[in-house]
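Have the structure open and follow along.

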Amino acid sequence: MARHIDSQSTPLVLLCPAWKRWGGATAVQQKRTILHAPADPMVPFADSEELVHPSGLANEAWIATGTEYRLAD
């Protein structure tokens, strides 16, 4: 859902976006940052990789962080 918010000039941060499970968009708008844990057992890390490239986001807009899906660490 956050992928579709018209935040105007406010950048959004998407946490482990589950776009393949709940959504139909295959790209995100500019001014988005994606945080995702590589070992996420709930949402595959490859899903975020697949979402970033067609969106034309800069490499620094996609951040691999954390050790589990809650990003609590």
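Helices (H or I, at least four residues) and strands (E, at least two) are DSSP runs, numbered from the N terminus. This is a predicted model, where local features need pLDDT of at least 70, side-chain atom pairs count only at pLDDT 80 or more, and totals for chains, interfaces and linings use all residues. Residues are numbered from 1 along each chain as its sequence is written, and side-chain values use heavy atoms, with hydrogens and water left out.

**The strands**

With that settled, take β1, residues 12–15. Its covered face carries Leu12 and Leu14, while Val13 and Leu15 are on the uncovered one.

How do β1 and β2 pair, and over how many bridges? The sense is parallel, and there are four bridges (two strands pair if DSSP finds at least two bridges between them). Within that pairing, Leu12 sits opposite Arg32, and Leu14 has Ile34 as its bridge partner. On to β3, residues 62–64: β2 pairs with it in the parallel sense too, over three bridges. His36 has its bridge partner in β3, namely Ala64.

**The whole chain**

Put together, the protein has one helix and three strands, and their order from the N terminus is β-β-α-β. The C-alpha trace spans about 30 × 25 × 20 Å along its principal axes. For 73 residues, a compact globule would have a radius of gyration near 11 Å, and the protein agrees because its own value is 11 Å. That radius is taken over C-alpha atoms, and the globule rule is 2.2 Å times the number of residues to the power 0.38.

Buried residues make up 34% of the 73. The protein exposes about 4700 Å², with carbon and sulfur atoms supplying 56% of that area (Shrake-Rupley method, 1.4 Å probe; for residues, only the protein chains shown count as cover). As for contacts (heavy atoms within 4.5 Å), 55% of those between residues at least 6 apart in sequence join residues at least 24 apart.

Helix α1 runs over residues 45–55, and Ser48 belongs to it. Is Ser48 buried or exposed? Ser48 counts as buried because its relative accessibility is 0%. Leaving out residues up to four places away in sequence, Ser48 touches Pro17, Trp19, Ile34, His36 and Trp62.

Which residues does Ser55 contact, leaving aside neighbours within four places in sequence? They are Ala27, Val28 and Gln30.

**The loops**

The loop between β1 and β2 holds Cys16 and Lys31. Cys16 has a positive phi, near 45 degrees, without being a glycine; at 10% relative accessibility, Cys16 counts as buried. Lys31 is not a glycine either, yet its phi is positive at about 65 degrees.

Elsewhere, Pro44 is in the loop between β2 and α1 and is partly exposed, with a relative accessible area of 41%. Ala58 lies in the loop between α1 and β3; at 38% relative accessibility, Ala58 counts as partly exposed too.

To finish, here are some C-alpha separations to check on screen.

| Pair | Apart in sequence | C-alpha to C-alpha |
|---|---|---|
| Ala58 and Pro11 | 47 residues | 14 Å |
| Ser55 and Asp40 | 15 residues | 22 Å |
| Pro44 and Ile63 | 19 residues | 14 Å |

Note on methods: Buried < 20%, exposed > 50% of the residue type's maximum accessible area, 1.4 Å probe, protein only.
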